[in-house]
Amino acid sequence: MANFNLDTHKLKYHPIEIAKFYNDEEVKPIYVEISPVANCNHRCLFCHYNYLGHEGKFQKGRLLSLVEEVAKMGAKSLVFGGVGEPTINKETILAIKKAKKLGLDVGLMTNGALLKESELEDLIKNLTWIRFSFNAGTAETYAIVHQTNEKDYAKVSQTISHLVKLKKKFESDITIGVQYILLPENKDDVINQAKVFKNIGVDYFVVKHFYSHEKNIYNPDMSFLDKAFIENLLKKQKDIQTEKFSFIVRSTENLNQNRVYNKCYGLPFILYIREDGEVYTCFSYQHESKTSLGNIYTSSLGDIWTSSQKKEAINFINEKIDKNRCQPNCRHHQINNYLWDLKHPSVEHINFI
Ligand code: SF4
């Protein structure tokens, strides 16, 4: 069974960059995420970014030139995701093709409802992975959770099925995954929907836990998520998964907000660029203007990286944000843990290897 390692981190596979960090040398981002558009055709109840308003998209042409800057900077991976539905921006697929051509590993996060059959071959040939956000087991629940038309349930299922067929046809290595955020509205459908996607032939189905955001209104009663519920999921997991299909239940340990670190050493390894041009590293504090590293409509990514604003933003995040109030398991959390332990070992006698 493939190991997707979704609960920890993969920075440990980049020892040269880690050595640079350890020696206080400059490090550059390994992972970059771009939000091609803030608009979304759905309004998922759980969406972390609802508070930002879902308006705006990249200025024409800038997405493609930005991909070149990302590659030039030496990043290894590029994900199209972010605040809205990336496929609304018609340049996203062109940008995916360009990124692949420039040697980047490319991922796409999508709800899949706007993908056209004619676009799927390009995805198969250029993506390392695609992850569908699909959060219900019936058309009715789908419409409630995604805040959309019931028809999208069948439409997206068909698109995923078609993609699986193309993967086989082209003998592609692409990983096709589905993410399901567990909510009171969809908790009873999860096992059946995992089986549906197993039969369709996706590579994995991951159940992820919901994290609230202080600026969003939706704040469901998650008391159903107790030990018995998780144990039942894990029991079913053993029955459902096979060599070719992973049924992943994300760890509930990640729901813990307590941090051992008070500085986020992982910040320089991850970049996030929003459709309004603002460049961030911490995803969760986009509403705080002092966390912006710069703007790609007025500077190149390379210039932003060496700017005083970038240093000030990283200092602000490290000095002013209370990490124990952050989203549990934020994008940097496992990397922060790992790097903190390197600089502040939690065990005695480290030389007795
Ligand atoms: S721990 Fe908090 S400040 Fe640090 S990267 Fe995560 S969300 Fe941002």
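Visitor: Okay, so a helix axis here is a line fitted to C-alpha atoms over the stretch in contact, and angles run from 0 to 180 degrees between N-to-C directions. With that settled, at what angle do the axes of H2 and H3 cross?

Guide: At roughly 20°, and the two axes come within 9 Å. Angles under 35 degrees count as roughly parallel, so H2 is roughly parallel to H3. Do keep in mind that this is a predicted model.

Visitor: Noted. Is that crossing of H2 and H3 left-handed or right-handed?

Guide: The crossing of H2 and H3 is right-handed.

Visitor: And which residues in H2 and H3 meet?

Guide: From H2 you have Leu63, Leu64 and Val67, and from H3 there are Leu94, Ala95, Lys98 and Ala99. By class, the contact of H2 with H3 has 6 nonpolar residues, no polar ones and 1 charged.

Visitor: While we're there, which residues of H3 are buried?

Guide: The buried residues of H3 are Thr92, Ile93, Ala95, Ile96, Lys98 and Ala99. Among the elements covering them are H2, strand E2 (77-80), E3 and H4.

Visitor: What happens just after H3?

Guide: Gly103 sits there with a positive phi of about 95°.

Visitor: You mentioned H4. How do the axes of H3 and H4 cross?

Guide: They cross at roughly 25° and come within 10 Å. That makes H3 roughly parallel to H4. The crossing of H3 and H4 is left-handed, while the crossing of H2 and H3 is right-handed.

Visitor: Which residues in H3 and H4 meet, then?

Guide: On the H3 side they are Ile93, Ile96, Lys97 and Lys100, and on the H4 side Glu119, Asp122 and Asn126. The contact of H3 with H4 divides into 2 nonpolar, 1 polar and 4 charged residues.

Visitor: Which residues of H4 are buried?

Guide: In H4, residues 117-126, they are Leu123, Ile124 and Asn126. Asn126 has come up already, as one of the H4 residues that meet H3.

Visitor: Let's go on to H6, then. At what angle do the axes of H5 and H6 cross?

Guide: Roughly 100°, with the axes coming within 7 Å; H5 covers residues 139-146. H5 and H6 are therefore roughly perpendicular to each other.

Visitor: Which residues meet there, in H5 and H6?

Guide: Ala139, Tyr142 and His146 in H5 meet up with Asp152, Tyr153 and Ala154 in H6. Sorted by class, the contact of H5 with H6 has 4 nonpolar, 1 polar and 1 charged residues.

Visitor: What does Val70 touch, not counting residues up to four places away in sequence?

Guide: Val32, Ala75, Leu78, Leu104 and Leu301. There is also a C-alpha to C-alpha separation of 9.7 Å between Val70 and Ile30, which are 40 residues apart along the chain.

Visitor: Now loops. Where does Asn186 lie?

Guide: In the loop between strand E5 (175-182) and helix H7 (190-200). Asn186 counts as buried because it has 22 C-beta neighbours inside 10 Å. Beyond its neighbours within four places in sequence, Asn186 is in contact with Asn135, Ala136, Gly137, Thr141 and Val145.

Visitor: Last one: which residues come nearest the ligand?

Guide: Cys264, Cys282, Ser284, Cys326 and Cys330, out of the 13 residues around the ligand. That shell divides into 7 nonpolar, 5 polar and 1 charged.

Methods
Residues are numbered from 1 along each chain as its sequence is written. This is a predicted model: local features need pLDDT of at least 70, side-chain atom pairs count only at pLDDT 80 or more; totals for chains, interfaces and linings use all residues. A residue is buried if 20 or more other C-beta atoms lie within 10 Å of its own, exposed if 12 or fewer, and partly exposed in between; C-beta atoms are placed from the backbone. Helices (H or I, at least four residues) and strands (E, at least two) are DSSP runs, numbered from the N terminus. A residue is near a molecule or strand if its C-beta atom, placed from the backbone, lies within 6 Å of it. Ala, Val, Leu, Ile, Met, Phe, Trp, Tyr, Cys and Pro count as nonpolar, Asp, Glu, Lys and Arg as charged, and the others, Gly among them, as polar. Two residues are in contact if their C-beta atoms, placed from the backbone, lie within 7 Å. Angles under 35 degrees count as roughly parallel, over 145 as roughly antiparallel, 65 to 115 as roughly perpendicular and the rest as oblique. A crossing is left-handed if the near helix is turned anticlockwise from the far one by less than a right angle, and right-handed if clockwise.
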